[in-house]
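Open the structure and keep the sequence beside it. We will go through it piece by piece.

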Amino acid sequence: LSFAQTILRALDEFAAFERSEGKLPGDVLVFLPGEREIGDAADLLRKANLKNAEVLPLYARLTPAEQQKIFSPSGKGRRIIIATNVAETALTVPNIRYVIDSGFARISRYNYRSRVQRLPIEAISQAAANQRKGRCGRIAAGVCIRLYSEEDFLSRPEFTEPEIKRTNLASVILQMQSLGLGGLVDFDFIEPPDFRLVNDGRKLLIELGALSEHPTQSPLLRSIASQGVSKGGLTKVGQMMARMPIDPRLARMRIGGAHFGVLKETLIIVSALAVQDPRERPADKQTQADQKHALFKEPDSDFLFYLKLWDTLEVQRSDMTERQRREFARQHYLSWLRIREWRQTYQQLSDMAEQLKLSWNEQPASYENLHQALLTGLLSFVAQKTDQRGEYLAVRQQKTKVFPSSILHKQHMPWVMAFEVVETSQVYMRTLAKIEPEWIIAAARGLLKYHYFEPHWSKKNGKVNAYAQISLFGLIIQ
């Protein structure tokens, strides 16, 4: 049976139980794996024309106004709240008497081989299942229905695997090196991380020029700071990155912004990428939201969206009252709270840039310099268009596609870079920009591999010539 059909059957059982006990209808909390499953189930339940029932989805990407409906009962009868595991621990939904647990959730896992953040649907642990069961019966006796057998429940792991065993460890390694705590392998963790993840984190920091234990280090910042080594193997670049409380890739971009003379624009983009996306896309107004968001898009690059939006908001600061700015954000499907967080993050990063004595630019950034600065942190996420429709080949032979909401979707650009590569139903690149292969060669000079072939005698030059093939992590650049 589909999730929706199962929910309908359970609702009949709940109604019969309430009639026999002479109780008023109680609210139902349903746990499903992801947004797609929630949307499908909600649509089918609404089509069932349930009497005195209200169907409400709940997941992290909902707008604050839509999430607030969960905490404000309308008094229309039974509420059927269909949620991801965001309602498992992060939120307490009032008046829940019944829980229906599918037994699955999307668990974030980092693949160290492809450096892709995966979101597979997996069976939850016993502890997570018990946490879901505890969502009901808080104000009165409750009922939890699990859509899996007791044998299945007992065969599951007792606890959810710790995040340190399934995430990118580059940031942890950078901070430990900066604090002089030694390597992760020697640290006395309660749950030690996988050595392969530790090795991958170190390789990423070497790629970014933060660690020195590699003979081929990126030379981009040698004009900014000498490559002296601190305790723990951090370079001068690594020491600067460690002082920035953001992802190492973003920290590297910021230093790259100073090198290419585009620090101001780089900080705007980096601070936007460091917080939650300010764009809102309500389920019932997706077309209208897309039309409003398109006003800030620029050709060839998703990163430029943030610059155009920032410039628009800056003009409003002097021309509009705060109430008018809030209304502008609402009309353009933007979260005012996230915009404020974006501005606060930008201010903090700007203050740190001044402390590090990074040079600011007075002239507007060119497309080439700005995206070369961003590329310093995104060398693992460059890709070339293949002959297959809509397909790109990224480093480490990873096949991927452009996310549908990108400005580059269906543009078939020969070379692109992405801020992240995520695997859901397919492997997608998100937040992309068009680049030139020459930029990759300049940024990754110490990480490139050269293969020489077909040596031949040049009578004109009086020497032997050969052809060279240049590759980065298995991706042929030239």
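Begin with helix H12. Its buried residues are covered by several elements, including helix H10 (263-274), helix H11 (286-293), helix H13 (322-331), helix H14 (336-355) and helix H15 (367-375). Keep in mind that this is a predicted model.

Which residues of H12 are buried? They are Leu 304, Phe 305, Tyr 306, Leu 307, Leu 309, Trp 310, Leu 313 and Gln 316. Now check the length of the helix. H12 covers residues 304-319, which makes 16 residues. At 1.5 Å a residue, H12 should span 22 Å. Its end C-alpha atoms are 23 Å apart, which agrees.

Next, look at how helices pack. Two packed helices are described by the angle between their axes and the distance between the axes. Take H10 and H12. Their axes come within 9 Å and cross at roughly 105 degrees. The two helices are therefore roughly perpendicular to each other. On the H10 side, the contact is made by Glu 265, Ile 268, Ile 269, Ala 272 and Leu 273. On the H12 side, Tyr 306, Leu 307 and Trp 310 make it. These three H12 residues are also among the buried ones.

H10 has another partner. Helix H9 (residues 248-259) packs with H10 at an angle of about 170 degrees, and their axes are 8 Å apart. H9 and H10 are therefore roughly antiparallel to each other. From H9 come Leu 250, Met 253, Arg 254, Gly 257 and Ala 258. They meet Leu 263, Thr 266, Leu 267, Val 270, Leu 273 and Ala 274 in H10. Leu 273 also belongs to the contact between H10 and H12.

Now zoom in on one residue of H15. His 371 lies in this helix. Is His 371 buried or exposed? Its relative accessibility is 0%, so His 371 counts as buried. Its side chain makes a polar contact with the side chain of Ser 301, at 2.7 Å. Beyond its neighbours within four places in sequence, His 371 is in contact with Ser 301, Phe 303, Leu 304, Met 417, Ala 433 and Trp 439. Leu 304 is one of the buried residues of H12.

Ser 102 lies in the loop between strand S4 (96-101) and strand S5 (104-106). Leaving aside neighbours within four places in sequence, the contacts of Ser 102 include Phe 3, Leu 32, Pro 33, Arg 132 and Tyr 148. Ser 102 and Ala 129 are 27 residues apart along the chain, and their C-alpha atoms are separated by 9.5 Å.

Finish with a sheet. Strands of a sheet pair through backbone hydrogen bonds, either parallel or antiparallel. This open sheet has 3 strands in the order S15-S16-S17, with antiparallel pairing. The edge strands are S15 (449-458) and S17 (475-476), and each pairs on one side only. S15 and strand S16 (residues 463-472) pair over 8 bridges. Tyr 450 has Ile 470 in S16 as its bridge partner, and His 456 stands opposite Asn 465. S15 and S16 form a hairpin with 4 residues between them. In the turn, Gly 462 has a positive phi of about 70 degrees. Of the 10 residues of S15, the number buried is 1, so S15 lies largely in the open.

How values were computed. Residues numbered from 1 in each chain as written. Predicted model: local features only at pLDDT ≥ 70, side-chain atom pairs only at ≥ 80, totals over all residues. Heavy atoms only, no water. Pairing = 2+ DSSP bridges. Expected span 1.5 Å × (residues − 1). Buried < 20%, exposed > 50% of the residue type's maximum accessible area, 1.4 Å probe, protein only. Contact = heavy atoms within 4.5 Å. Polar contact = N/O pair within 3.5 Å; in protein donor to acceptor, adjacent residues only side chain to side chain. Axes fitted to C-alpha atoms, helices over the stretch in contact; angles between N-to-C directions. Parallel < 35°, antiparallel > 145°, perpendicular 65-115°, else oblique.
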